[in-house]
Structures are given as C-alpha cells and as structure tokens.
Amino acid sequence: MTKVCLIGDSHLGALKGGIEENNISEQGFEMTYFSLHTRHFPALRLRGRRIEGEADELRRELAMFSGGRDSIAIDDFDEFVIVGHGIYIGYLVDLYRDYCCDHMPGPARGRYLLSDSCFITTSQHILERSEAIGIGKMIRSITRKPITYVAAPNPGAGLAESEMPEVFPPFYPAVEFGDAEAVALLFREVCAALATAHDARVIAPIEDAAENGLFNRHEFCLLAERDTEGAPLSDRIGAMLHGNSRYGAMLARAVLDRGESP
Amino acid sequence: MLSPYSGLESRSFWKTGVVEKHPLELKDLYIKKFDIGRNDWIATAGSCFAQHIANRLRLRGFQVIDAEPPPPGLDSETAKQFGFELYSARYGNVYTVRQLLQLIQECSGLRAPLIGVWEKNGRFYDALRPSVEPKGLSSPEAVAAHRSQHLSRVRSMLERTDLLVFTLGLTEAWIHLADGTVYPTAPGTIVGCYDPSSYAFKNFSYDEVLQDFLELRTLLKSIKSDIRFMLTVSPVPLTATAGREHVLAATVYSKSVLRAVAGYLAMSFPDIDYFPSYEIIAGAPARGFFYENNLRSISAVGVDVVMRTFFRQHGAAEAPFDSPPSRPDEARAPNSSVAAINALQEVFCDEVLIEAFAP
C-alpha cells in the first residue's frame, strides 16, 4: 500500500472527487488529504519532521479541512502530491498581457518581444515563488521521496470575456489572436523546467480536457455541474476556475497511473 | 618673483593636491561643468564600468532611463543575463566610440550592418550584442525582429535623453572588412566564426576616436538638440590584446587615447563634461588599491569612492542609497499581477474548499 499525502488548495477538491469516484484508493493507494486556503500556505513551517501552521488559528483550520490532522508528518507517507497553490497557467497568461515571444504566432500588438528562453525563464521564476514550491522545498529538505506538483486547471469555457474582472489574465485575447496553443506549450515547458529544478514531477493541465489551448471544455469544470442561474458572478467565475470530478479523474490517472505497480 | 603658478589653489600642485591628500579624500579632484537636475533623463552606455555608474545614479534618485525594462518576476541577476538593467537599453557593452556611433546611425536609419547575425550550434545571435540572449534565438529572422524592436527602443531613449553618460572603454575592436561594422566581441569568442578574409582587427587612433565622437555628437544633437554628455574612461584594463604589443602597453595606449579624446572634448564643448573616475581608480595615488586580485575588476570600495566624488558635485550625496526611483513608471514593476491573481483565486476558492473538505 502506497501512502500518498495530498496537499492542496481548493483545486485539490477536483482530484479528491476524481479519486473517490474511481475508487483509486482501492487500487493500492492510501490517500490522506491536507487542504488549506491558499492564503495560509506561506504561514506553514517545517518543525522537526512535520509541516504545521505557524499559529494556533492556522493549525485549527488545517485540522478542519484535513480530517482532524493539524500537521503533516512527513515520515508517515511514501509520496507527496501538491495541488494548485500557485502552479497556474494564469501567471503566464498574465505575462502575455505585456510580453510576447518568438514562439507565439499572433501579432505583437505593442507588447515587448522576449525570446522564448526569456519568457520561459521569467515564468519559471514567477512560479518558483509559489506556495506550492515552498511546500515542496520543505518536504524535499528532509526526504527524497517522490513529489508531484499538479497545476491548477485551465479556466473552463462557458463565461463571456465581458463578465471577467479586469485583473483576469488575458485568456480570451490569447485565443482570439491565435497564441493560446503557444502559451499552453510554453507552460508545459515551464512545468518541465520546474520538475528538473526540484527533482519532482509536474503535471500540467490535462491536454485531453482542453479547448482552444487555454480553456478546459465546459464539461470538465464545476460550472457544468452547478445551477448558476441567478448566482452572483463571483460564484460563476469560481466555478469556472475549478475543475470538477470528471477532470479530477483524468488528473488522478496522470498522478497515480504511471504504467507500473504502485 | 611672481610666476603664473603663484596663488593657485592647492589642487593645482602635485604635492599639496595629491601627495599630502589621502587617496580616499581627493575631494576637489572633480568640479562639475554643469548641473544634473533631478528631472533630467539620463541614459547610460559604455563599457562594464558604466554599469556601476548607472546603478548608483538610480539609487541616488536620478532619473536613469530604462527603455527596455525586464519583465516583472525576473530577478535582477537573471535579468542581467538577458541584458536587462545593465544600461539604459539592452545594447550590452559598448566598448568603442565607433560602436556607439554605428548604433545611433542604425537606429536613425542611416546604416545597416551587412552581417548582423552570428550562429553557434544551430542557434542565432545578434552579432552586435551577442551576450543579451545567452541561448540565442531560433532563426536569423527572430534575431532581426528582436533587433528591430531594440533599435526602436534605443531611438525613443535618445529622443528623450537630457544627459548621456558614456564610459569609453577600448580602442581595440573587430570590424567587418566589407562595411566597417564594429562588433563588441571578436567573432568566434562567444559566438560566430572568425574568418580572416571577412573580419579584421582594428585599433583606433586618437583622430579616429575624436572624429567618431564629433560625428556622434552632431547626430545626437539632431535627435535631441539640448543633449549633454558626461564622459568617463573605464579604468578596467584590456582582457587581451590582438595587437603586437604587450597587453599592459596596449592597455596604456588604449586608455591614453580615450583619456586624451575625452579631455579634448571636455575642453572644447560646454555640453561635454569629463568625470575622472579613471584617475581615481587607476591613478598612482590609489596604488592599485581599488583593483581586485586580478588587477582588472574594480572593488566595491573603488566604486564607492568614485561615486562619492561624483555626488559631491552633483548633489544628493547624503541621500540614502536605497532611495526609490523618482518615476514610478520607470521603476522595476513589482509583481502586482501575481498579487492580483492570488487575490482573485482567494476570493473564489473558499466555497470550493469548504464543499470538498469541511467536515
């Protein structure tokens, strides 16, 4: 039995749903989930061989969302999966707002042209500062056990660009100007670079779920399962940004099915 | 008996101006020719030493132009590897006056190098600034696109430059025989391939350096009529010489020519000042103290002394070193977009988190 520690923000929900609906835990894996709101992760610390919250309030919240466990005992697990927490293609898309690179076929539209190498390096540096990488470094500092980072999903299709807040990264223009596939490819290259740098696996958004390169098909996001008629826009956008258990099942296969016995 | 030296200040005499002064306290070594205002836009270019000047000017709150700022998220060390934050645009080191002249001519549409792309291992490099893309680009066309953007930014930079701080570095260069294009590195040292039938070594003379600068000045005045110049000579010796002289003798020749040209220009034009950083670092009073062990690199203490001397005349000497740039739009952009995305995610993730994991 492989004991898997899954740590994540709200994007862990899709993976959890996918695993449970596919009875993954009956296939030689024992899953333990630790979840926290993304804002709290910088407040986690390594104490001895455990990861715990800096403050009592955080330890209580970790326990609330993690089956009563208020800390993560590294030695209790055989491998670690860190979901979301800043491993997100949106950062590249946001960089795309003011910068383009050679690999992108669309028009420059006044943006500064970077080399592919510079675009990837910049993106990697942004993601290096994510909470996910911070957690991974804590784990890696005391064990060589496998670590897998799972990127947050692409936004789901189904909402109009006009409904998005101004700070929403320019996913829609990237599609409109034909750069979406290029951005997605660059993100996969960034994931590969992170994997090499951190002796880990990094799972990019599932390509089979994608539409127009940068979006997930509607059927793979929470928006497809919710009755959002009349719901506040923030709820609809929230549902759009999160994968559902169908997406989670695809993720689970990528995370756990490695063509070998666990 | 009265002599022309009677009544001169102590700074005019070697004994009282140098011997009896501590080398760190040559306070009157430099007297400015003109003021540099806090609202003046400053552009920097030149050899490596100019990087120090740009950094210190920025830290002191002077408005140093950054026409090609790095993307947010890139740390400063990596940004520099891509040629960002070294000078006012990503032209890399501009060692010779001819190189700067040709850059200004090129961004003014007055020249185009016959050979502008060098290749190495299937990757392509801008031969005129080969160090700004460490891994090169995928095609000559990509190099051309990047160069076009760069030239446009340099042109815009020059159009608003009130003061050009230029550090003269070398007289030695490698040129393309067919059109005279000067390259910052010898073909084959970083990238490219040395073909003696195409490229040749060139050691510029006093007259050539002077004429190049005069032409450069005229051209810049046509772009920005009130532009002024602050010249310095890099105290960093040559790494190597391709001439027949010993590298020490070659260094002295190179620096002597550059110093003489800078001196002549400063004596001849009211809009050109010379700042004696070379004398502070390389002069006999310092006894080599400001060089690192390789006798080339300048120590941080040396840069401090140079810039302290500069700021004594140009104000802000008491300003803290960590003063922010005075124009927010010129400052290195904080990673505000990352914060915005984080905030966006935080707003949206509560409900999902509770639904999936709350007891």
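I start with a definition: two strands pair if DSSP finds at least two bridges between them. Helices (H or I, at least four residues) and strands (E, at least two) are DSSP runs, numbered from the N terminus. A note on the source: this is a predicted model, where local features need pLDDT of at least 70, side-chain atom pairs count only at pLDDT 80 or more, and totals for chains, interfaces and linings use all residues. Residues are numbered from 1 along each chain as its sequence is written, chains are lettered from A and ligands numbered from 1 in the order in which they are written, and side-chain values use heavy atoms, with hydrogens and water left out.

**Entry 1: the sheet**

I looked up W41(B) and found that Q63(B), in strand 2 of chain B, stands opposite. Strand 1 (residues 41-46) of chain B runs parallel to strand 2 of chain B, and the two pair over two bridges. Both belong to an open sheet of five strands in chain B, with the order 2-1-5-9-10 and parallel pairing.

**Entry 2: salt bridges**

I count a salt bridge when a side-chain nitrogen of Lys or Arg is within 4 Å of a carboxyl oxygen of Asp or Glu.

I picked D179(A) and R111(A), whose closest N and O atoms are 3.8 Å apart. D179(A) sits in the loop between helix 6 (171-176) and helix 7 (180-198) of chain A, and R111(A) in the loop between strand 7 (99-101) and strand 8 (112-114) of chain A, so this pair ties together parts 68 residues apart in sequence. Both residues, D179(A) and R111(A), are buried (under 20% relative accessible area; exposed is over 50%, partly exposed in between, with a 1.4 Å probe and protein chains only).

Next, I checked R228(B) and D40(B), which meet in a salt bridge of 2.9 Å, N to O. R228(B) is in strand 9 (residues 228-233) of chain B and D40(B) in the loop between helix 1 and strand 1 of chain B, 188 residues apart. R228(B) has a relative accessible area of 18% and is buried; D40(B), at 16%, is buried too.

**Entry 3: K221(B)**

I found K221(B) in helix 6 (residues 206-223) of chain B. Which residue's side chain makes a polar contact with the side chain of K221(B)? That is D271(B), at 2.6 Å. A polar contact is a pair of N or O atoms within 3.5 Å; within protein, one must be able to donate a hydrogen and the other to accept it, and residues adjacent in sequence count only if both atoms are side-chain atoms.

**Entry 4: Q102(B)**

Q102(B) lies in helix 4 (residues 97-107) of chain B. Is Q102(B) buried or exposed? Its relative accessible area is 7%, so Q102(B) counts as buried. Leaving aside residues up to four places away in sequence, Q102(B) touches R111(B), G180(B), T181(B) and V182(B), where contact means heavy atoms within 4.5 Å.
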